[in-house]
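Me: I'd like to learn how to read a fold like this one, feature by feature. Can you walk me through it?

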Amino acid sequence: VEAVHLIANGKAPRIPQPEEGATYEGIQKKENAEISWDQPAAALHNWIRGHDKVPGAWTTINGQVVTFYGSSLLDASVPAGQELTIKGASRPGLVTKNGLVVFGNDGKMVLVRNVQFEDGKMILASKYFSADDTTALELTEEEKKIAEDIR
């Protein structure tokens, strides 16, 4: 009650907030979001989810910066998948039908659903090894005629 009366009477003490430490902008810089792999799976999951969407938790794979999005803890047996070497990780990740499985230093797993490359291209993590596959659409002669008629 006393504090309310001091404010109402204009006599409450005013302490200016220092400029230093008054913002969270420094935390949201991309260079501060690199994944440190020497952590348990729960900490990796929290790091990835905490940086989801901005700025995005990232790591280096095959010399390229890859950003992870959409993680969840995976409490199951180790799924079948294609190994993916991740810089700094003690164990390779696994590209599975559900996404990219990465391992904490406790042996537990985190499932990452989406990855984004340096060029901005985002794909499902389960499609990591087929990301470069591009199939050209080939039309039959009949389809070419229809396409020309539509044009």
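Predicted model: local features only at pLDDT ≥ 70, side-chain atom pairs only at ≥ 80, totals over all residues.

Me: What should I look for in the hairpin of S6 and S7?

Reply: Check the residues between the strands. There are four of them in this hairpin, and Gly-120 takes a positive phi near 95°.

Me: And which other strands pair with S6?

Reply: S2 and S6 run antiparallel and are joined by eight bridges. In that pairing, Leu-74 stands opposite Met-109 in S6. Strand S5 (residues 99-103) also pairs with S6 in the antiparallel sense, over four bridges. There, Val-101 has Leu-111 in S6 as its bridge partner. The hairpin of S5 and S6 has five residues between the strands, and Gly-107 takes a positive phi near 85°.

Me: How do I read the side chains on a strand?

Reply: The general idea is that in a regular strand the side chains alternate between the two faces of the sheet.

Me: Is Thr-67 buried or exposed?

Reply: Thr-67 is buried, because its relative accessible area is 5% and the cut-off for buried is under 20%. Its side chain makes a polar contact with the side chain of Lys-30, at 3.0 Å. Beyond its neighbours within four places in sequence, Thr-67 is in contact with several residues, including Pro-55, Trp-58, Asn-114 and Val-115.

Me: Now the aromatics. How do I describe a pair of rings?

Reply: A pair of aromatic rings is described by the distance of the centres and the angle of the planes. A search of the whole structure finds three aromatic pairs. In one of them, the rings of Phe-117 and Tyr-128 have centres 5.7 Å apart and planes at 40°, so this pair is tilted. The pair links distant parts of the chain, 11 residues apart: Phe-117 is in strand S6 (residues 109-117), while Tyr-128 is in the loop between strand S7 (122-124) and helix H3 (141-150).

Me: What is the geometry of Tyr-128 and Phe-129?

Reply: Their ring centres are 5.3 Å apart and their planes are at 85°, so that pair is edge-to-face. Phe-117, Tyr-128 and Phe-129 form one aromatic cluster.

Me: Which charged residues lie over the face of a ring?

Reply: Two cases to look at are Lys-53, which lies over the face of Tyr-69 at 4.5 Å from the ring centre, and Arg-91, which lies over the face of Phe-103 at 3.8 Å from the ring centre.

Me: Last one, a helix. Which residues of H2 are buried?

Reply: In helix H2 (residues 41-50), the buried residues are Ala-41, Leu-44, His-45 and Ile-48. They cover an arc of only 100° around the axis, so they lie on the same side of H2.

Me: What do the buried residues of H2 pack against, and what does the face turned away from them carry?

Reply: The buried residues of H2 pack against strand S1 (57-61), S2, S5 and S6. The face turned away from the buried side carries the exposed residues Asn-46 and Gly-50.

How values were computed
Residues numbered from 1 in each chain as written. Heavy atoms only, no water. Phe/Tyr/Trp six-rings, centres within 6.5 Å; stacked < 30°, edge-to-face > 60°. Helix = DSSP H or I, 4+ residues; strand = E, 2+ residues; numbered from the N terminus. Lys NZ or Arg CZ within 6 Å of the ring centre and 35° of its normal. Buried < 20%, exposed > 50% of the residue type's maximum accessible area, 1.4 Å probe, protein only. Polar contact = N/O pair within 3.5 Å; in protein donor to acceptor, adjacent residues only side chain to side chain. Contact = heavy atoms within 4.5 Å. Pairing = 2+ DSSP bridges. Arc of directions from axis to C-beta.
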